[in-house]
Amino acid sequence: MPAITKRSDGRYETHVEMPNGKRKSVYGKTRKACREKAKALEAKIALGVRVDVKRYPMTDLFDAWIENVARKTYKALVFEQHERHIKTVWIPRLGACILQDINADSIQPHINKLEETLAYNTVRNIRSTLSKVFDYAVQRRYIAYNPVKIIPLKRKGEQYIPRVFTFEEALAFNSAVQLHEWGLSFQLALRTGMRQGEILGLAISDLNFEAETVAITGNLQWQRKPGESERQAVRDTPKNTASTATITMPASLVAPLRAHVARQRARFPQNIYVFTTNEGEPINRYEYYAAYKKVLKEGNLPNIRFHDLRHTCASLLIDEGEDVKVVQEQLRHKHVTTTLQIYAHVLPDRKRRAANKLDTLMQPSAVDPVVKSVVKSEEAPSADDA
């Protein structure tokens with residue numbers, strides 16, 4: 001660092017060499033303040049931070065991230081979630097701040113406040129959105145590190161255990177939807193574990209009646225294009241690469257599905273979807289969910305979420321002794337550990353039944369009478385033993 005000199009205006013001045021070879025003047029009211037500012041600037045340069053960037057308002061950073069990253073990277077529903085977090089949570093709290101002035105200490109109180117009223121997963125998602133924005137700032141070298149990553153969340157509460165139908169309730173649900181216009185889709189969800197978007201986005205070409213398989217290739221989403229207020233149905237790719245797969249068509253649904261598709265083709269020749277409205281249009285997910293809830297109410301069934309049909313499918317399979325790996329493939333989880341974590345509450349009963357079954361088999365009364373007689377004769381002393 002060059003020497004620190006006192007200027008005629010009473011301030012102290014020194015110079016720091018910039019990455020482009022030029023020198024930048026640094027000023028301070030005291031010699032010590034001048035030296036500390038120069039060291040701070042040198043540290044930023046060493047970390048690769050762009051020191052030529054002027055003080056960056058957080059509102060500008062939020063806008064830049066939405067347009068340059070979020071809109072290009074995420075699917076519609078995920079993008080809308082991030083945009084909502086920024087507009088309703090972070091702009092009101094940090095919008096008036098300058099990026100270079102924000103650190104973990106200034107963000108932590110906002111996280112603490114959110115934790116007072118919101119669920120753990122909600123706060124985690126809101127925090128994740130902000131972290132992605134700061135990751136963008138680090139990548140652009142506006143700042144040296146992401147302060148959000150060192151902010152802890154309070155300990156997560158007990159893991160959510162899905163509410164599922166019992167076997168008897170599943171049978172009652174199956175009966176309740178028999179005459180419903182979308183009843184076949186509800187049955188398919190329960191029997192296969194398909195997600196709601198996958199059911200609504202199921203194309204006729206995804207059904208192979210000869211092989212009796214269902215290909216999961218699409219996911220219906222209602223997206224709002226920039227500048228438009230109304231949402232439009234868009235058939236997007238499934239949730240992730242693991243979700244794209246071919247599963248077995250339930251045997252009892254092969255004939256009903258074949259007949260349903262024949263009717264769809266006759267009524268709406270241009271339609272590509274298996275399930276539509278009476279006008280041949282894609283089904284709005286909100287109307288579909290409302291219809292599902294009405295079925296539960298009228299059938300006096302437990303008020304579970306539509307996604308819990310997926311959980312019901314898996315739980316019943318595990319409860320009936322199906323291998324967890326098979327259940328993972330049916331639900332198309334990327335890792336079997338995901339299946340184990342979600343359905344860990346079902347496994348203890350299965351282990352208990354297995355232990356009881358083995359215990360029963362080991363009881364003398366369980367041994368075949370013929371085997372018992374053979375064992376008894378073998379245990380009797382022979383003439384040689386005598």
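## Overall make-up

How many helices and strands are there in the chain? The count is 15 helices and eight strands. Keep in mind that this is a predicted model.

The chain has 386 residues, and 39% of them count as buried. Its accessible surface comes to about 22900 Å², and carbon and sulfur atoms account for 52% of that area. As for how the chain meets itself, take the contacts between residues at least 6 apart in sequence: 58% of them join residues at least 24 apart.

## Helix α2 and its two partners

Let's start with α2, which covers residues 58–73. One partner is helix α3 (residues 76–94), with the two axes 11 Å apart and an angle of about 175° between them. Angles over 145 degrees count as roughly antiparallel, so that is the label for α2 and α3. On the α2 side, the residues taking part are M58, F62, W65, I66, A70 and R71. They meet F79, H82, E83, I86, W90, I91 and L94 of α3. Sorted by class, this contact has 10 nonpolar, one polar and two charged residues.

The other partner is helix α5 (residues 120–139). Here the axes come within 10 Å and cross at roughly 90°, so α2 and α5 are roughly perpendicular to each other. From α2, the contact uses M58, L61, F62, A64, W65, N68 and V69; from α5, it uses L130, K132, V133, F134, Y136 and A137. The class tally for this pair is 11 nonpolar, one polar and one charged residues.

M58, F62 and W65 turn up in the α2 lists for both α3 and α5.

Which residues touch the most other members of the largest nonpolar core? They are F173, F186, F275 and L309, in a core of 40 residues. Several elements give two or more residues to this core: the helices α6 (167–176), α7 (183–192), α8 (196–200), α9 (251–267) and α10 (285–298), plus the strands β5 and β6 (219–223). There is also a second, separate core of 30 residues, with L94, I107, V123 and I143 among its members.

Setting aside residues up to four places away in sequence, L309 touches F165, F173, F186, A189, L190, Y292 and I304.

## A170 in helix α6

A170 is found in helix α6. Buried or exposed? A170 is buried, with a relative accessible area of 6%. Beyond its neighbours within four places in sequence, A170 is in contact with F165, L190 and L316. Another residue to look at from here is Q187: it is 17 residues from A170 in sequence, and the C-alpha to C-alpha gap is 9.7 Å.

## Around strand β2

Now for the start of the chain. A3 is in the segment before β1 (5–6) and counts as exposed, at 62% relative accessibility. Leaving out neighbours within four places in sequence, A3 is in contact with E13 and T14. A3 and H15 are 12 residues apart in sequence, with 8.1 Å between their C-alpha atoms.

E13 itself is in strand β2 (residues 12–17). Although glutamate is what you see at this position, E13 is buried, with a relative accessible area of 12%.

## Two residues with positive phi

Where is E212? E212 lies in the loop between β4 (207–208) and β5 (213–216). This residue is not a glycine, yet its phi is positive, at about 55°. With 34% relative accessibility, E212 counts as partly exposed.

R332 is also not a glycine and has a positive phi, about 65° in this case. Its loop runs between α12 (324–331) and α13 (336–342). At 3% relative accessibility, R332 counts as buried.

Definitions and conventions: Residues numbered from 1 in each chain as written. Predicted model: local features only at pLDDT ≥ 70, side-chain atom pairs only at ≥ 80, totals over all residues. Heavy atoms only, no water. Axes fitted to C-alpha atoms, helices over the stretch in contact; angles between N-to-C directions. Helix = DSSP H or I, 4+ residues; strand = E, 2+ residues; numbered from the N terminus. Parallel < 35°, antiparallel > 145°, perpendicular 65-115°, else oblique. Contact = heavy atoms within 4.5 Å. Nonpolar A, V, L, I, M, F, W, Y, C, P; charged D, E, K, R; others polar. Buried < 20%, exposed > 50% of the residue type's maximum accessible area, 1.4 Å probe, protein only. Areas by Shrake-Rupley, 256 points an atom, 1.4 Å probe, with all protein chains shown as cover. Core = buried A, V, L, I, M, F, W, Y, C linked by side-chain atoms within 4.5 Å.
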